[in-house]
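Student: I have a structure open and would like to talk it through. Can you take a look with me?

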Amino acid sequence: MGVQSPNLVRIKKTCRALGVPTIDLSMDRNLVSQQIIKACEEYGCFRLTNHGVSNAIISKIEEESFDFFAKPAVEKHQAGPPNPFGYGCKTIGFHGDRGELEYILLEANPSSVSQRSIVFSDDPAKFSCVVNDYVQAVRGLTCDILDLVAEGLSLGDKSVLSRLIKDVESDAIFRVNHYPPFDQTPKVYNPAHKFQLHDDKMANNGDPSRVGFGEHSDPQILTILRSNDVGGLQICSRDGLWIPIPPNPTEFCVLVGDTFQALTNDRFKSVRHRVMANSSNKPRLSMMFFGAPSLNARICPLPEMVSSHNPTLYKPFTWCEFKKAAYSQRLAGRRLDLFTYN
Ligand code: GA4
């Protein structure tokens, strides 16, 4: 194969950057299933339209969230700290990561939401109902996507993936992030930064005032993210380019997590992503459902993903072991490395 000119390589990278796929869930099932596989292989991420989650459910959770974040700081802090669940502000995790945001972290199960809702709203019954309706709808969507993946990968057991999330003991999490408007000294716009080569300094340390949520991958199986119309989310492409995901309140953005990478023996790769502090005068509100198995679920590459050409890369681990390892590291840590054969 001939050596490609640097310009051609750059053009190819930019084309890939522009092409984070948008998948229409209402299209033919086989087609959708193949599109999802391709997107998970090439980007670890895709945008989803016609997803079937009702506008009413989405706007109610958005309204409840804005109502909570509009409260005085003292009141919000009564719902924190997020150890591990509750309200958090500027600190992320337990090891010194910081971000320009405040957030709510909840266990995504109805009884836990009902117990905690008293600290989030003056009408806790309404708050827990709204959160639980949203979580139930998005959990269902996660399971549909996982069934489509199982079909596309020709897995023998077509519900082997969705069962992990349907499990009543599933350790799924629900998070709402609120990024205040960026009101610091405006920076000079540099068009060269639009598709910036991946560089850890830029991702986290280079200009911390611009980072809303630092670079990381999600430890779980699949993340379903929805935001209002304020941008900031960027994913890191396989070529190391930061690709902005345009905000679209009618879509979901689906992200492959570390556990999915292990289950597929690296056929899918978890996607590193970050959120830049928003430069608009409106706050960014995003909500994520992190689909995870039960704490004692045993994770190892699916048999169909292993062959003599593709030997198993990961030692078996429980989700509990992996979660502990992930949470004991900083945000940008490469946790899967702890579980590989080498
Ligand atoms: C990233 C995905 C989810 O937001 C989260 C995050 C968690 C936290 O905020 O406490 C972590 C982060 C996330 C991965 C590494 C550890 C744990 C912060 C952090 C430094 C709730 C999750 O499950 O993992």
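Predicted model: local features only at pLDDT ≥ 70, side-chain atom pairs only at ≥ 80, totals over all residues.

Student: On to the sheets. What is the strand order in the open sheet of 8 strands?

Tutor: The order is S1-S2-S10-S7-S12-S5-S4-S3, and the pairing is mixed. Strands S1 (22-24) and S3 (86-92) are at the edges with a single partner strand each, so one side of each has no neighbour in the sheet. From one strand to the next, the twist averages 25°.

Student: In what sense do S5 and S12 pair, parallel or antiparallel?

Tutor: S5 and S12 (residues 284-291) are antiparallel, with 7 bridges between them. As an example of a facing pair, Tyr 179 is opposite Arg 284 in S12.

Student: Which strands of the sheet does H2 touch?

Tutor: H2 packs on the sheet and touches S1, S2 (45-49) and S10 (252-256). The direction of H2 makes about 160° with that of S1.

Student: And which strands does H6 lie across?

Tutor: H6 lies across S4, S5, S7 (222-227), S10 and S12. Relative to S7, H6 runs at about 130°.

Student: How do H2 and H6 sit against each other, roughly parallel or roughly perpendicular?

Tutor: The axes of H2 (residues 29-42) and H6 (residues 124-152) cross at roughly 90° and come within 8 Å. Angles of 65 to 115 degrees count as roughly perpendicular, so H2 and H6 are described that way.

Student: Which residues make that contact?

Tutor: H2 contributes Val 32, Ser 33, Gln 34, Ile 36 and Ile 37, while H6 contributes Ile 145, Leu 148, Val 149, Glu 151 and Gly 152. Sorted by class, the contact has 6 nonpolar, 3 polar and 1 charged residues.

Student: Switching to the ligand. How many residues surround the ligand, and which are the closest?

Tutor: There are 15 residues around the ligand, the closest being Ile 92, Gly 93, Asp 218, Tyr 327 and Leu 331. By class, the shell divides into 8 nonpolar, 3 polar and 4 charged residues.

Student: Which elements supply at least two residues of that shell each?

Tutor: Strand S4 (97-107), strand S5 (173-179) and helix H10 (319-327) each do.

Student: Last one, Pro 81. Where does Pro 81 lie?

Tutor: Pro 81 is in the loop between H4 (73-77) and S3. It has 13 C-beta neighbours inside 10 Å and therefore counts as partly exposed. Leaving out residues up to four places away in sequence, Pro 81 touches Gly 86 and Gly 88.

Methods:
Residues numbered from 1 in each chain as written. Axes fitted to C-alpha atoms, helices over the stretch in contact; angles between N-to-C directions. Helix = DSSP H or I, 4+ residues; strand = E, 2+ residues; numbered from the N terminus. Parallel < 35°, antiparallel > 145°, perpendicular 65-115°, else oblique. Contact = placed C-beta atoms within 7 Å. Nonpolar A, V, L, I, M, F, W, Y, C, P; charged D, E, K, R; others polar. Near = placed C-beta within 6 Å. Pairing = 2+ DSSP bridges. Buried ≥ 20, exposed ≤ 12 C-beta atoms within 10 Å, placed from the backbone.
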